[in-house]
Amino acid sequence: MTMRSKITALATAVCLTALTAGTQAAEITVVATGGPLPEVMGVLKPMFEKASGHTIKVTFKAAPAIIKDVKEGASIDLIVAGDAAIDELVKDGLIAAGSSAKVMQSRVGLGVRTGAPKPDISTAEALKATLLAAKTVAYSQGTSGQFFGTVIAKLGIADQLKPKTIITSGRPVGAAVASGEAEVGIQQVAELVPVAGVTLVGPLPADLNRIIGYSVGVPSKAKEMDAAKAFAKFIASGEALAAYKQKGMEPAS
């Protein structure tokens, strides 16, 4: 271990000790949305468990299902979801005061199969030309795919792309790209980056992109309130940021 990595590990341990001081070991029930969060939580969960002594039980659901569960009184200690979902629960008084925060965000990007030439997507016109030149274009039915539908409509090429469009369901867009089924794939950057065999070309041009934000919130009826708040604070910490940036996420702006 290098001196730099030792210092980073020590800083992480100190931070987590401060966050969890005074709390007994607990099992924290976490519910998160899909998209890039399974990858992100897969990194953050063991980091927090190791340093805090708490254990985390995490499940993934669509935002409407999470909102429904909370409103029906389901036993949930922490929610990690899109900003809109947390905002709705805060508005309805279902999130403990002071426990919600915007923590991370992702953008929509384009990826190609590893080894393939990287096309130019630096401007709207360049992206349009790349999409028209591609033999096949893949995107999902989720948030990023729905948004991409508005992008190609804005570019005026929706009808031209229809015959060569692959809409993925139940698998990452990157899987279609890595297998060669699709020449280019569009999804959240944080969903493309973890897929083996996919090279991220970059985010879509700023004037055609969308920031997809994620927040945390502790339900007002959480059983493990203190431990959940400690995990929420950890997710917003610098140590967590360093970990999820490797997965293609950015700190909330």
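Tutor: The largest pocket holds about 570 Å³ of space. A pocket here is an open set of points on a 1 Å grid over the protein atoms alone, where a 1.4 Å probe fits, with protein on both sides within 12 Å along at least five of seven lines. Grid points are joined across faces, edges and corners, and the volume is the space filled by probe spheres set on the points. Its lining counts 23 residues, and Thr-33, Thr-143, Gln-188, Ile-212 and Tyr-214 are the closest to its centre. A lining residue has an atom within 4 Å of a point.

Before going on, note that this is a predicted model: local features need pLDDT of at least 70, side-chain atom pairs count only at pLDDT 80 or more, and totals for chains, interfaces and linings use all residues. Residues are numbered from 1 along each chain as its sequence is written, and side-chain values use heavy atoms, leaving out hydrogens and water.

Helices (H or I, at least four residues) and strands (E, at least two) are DSSP runs, numbered from the N terminus. E9 gives the most, with 4 residues. By class, the lining has 9 nonpolar, 11 polar and 3 charged residues. Nonpolar covers Ala, Val, Leu, Ile, Met, Phe, Trp, Tyr, Cys and Pro; charged covers Asp, Glu, Lys and Arg; the others, Gly among them, are polar.

Ala-65 sits in helix H3. Ala-65 is partly exposed, at 29% relative accessible area. The cut-offs are under 20% for buried, over 50% for exposed and in between for partly exposed (1.4 Å probe, protein chains only). Ala-65 and Thr-33 are 32 residues apart along the chain, with their C-alpha atoms 9.4 Å apart.

Now the packing. The largest nonpolar core has 52 residues, and Leu-78, Leu-110, Leu-131 and Phe-231 touch the most other members. Such a core is a set of buried Ala, Val, Leu, Ile, Met, Phe, Trp, Tyr and Cys residues joined through side-chain atoms within 4.5 Å. H10 gives the most to this core, with 7 residues. Another core lies apart from it, with 11 residues, among them Ile-67, Ile-76, Ile-79 and Leu-89. Beyond four places in sequence, Leu-78 touches residues including Val-216, Ala-228, Phe-231 and Ile-235; contact means heavy atoms within 4.5 Å.

Then the rings. There are 4 aromatic pairs. Rings of Phe, Tyr and Trp (its six-membered ring) pair if their centres lie within 6.5 Å; planes under 30 degrees apart are stacked, over 60 edge-to-face, the rest tilted. Tyr-139 and Phe-148 are edge-to-face, 5.0 Å centre to centre with 65 degrees between the planes. Both Tyr-139 and Phe-148 are buried. Why is the pair of Phe-231 and Phe-234 stacked? Their planes stand at 15 degrees, with the ring centres 6.4 Å apart. Phe-231 and Phe-234 are 3 residues apart in helix H10 (residues 225-235), about one helical turn. Phe-231 is buried at 0% relative accessible area, and Phe-234 is buried at 0% too. Phe-48, Phe-231 and Phe-234 form one aromatic cluster.
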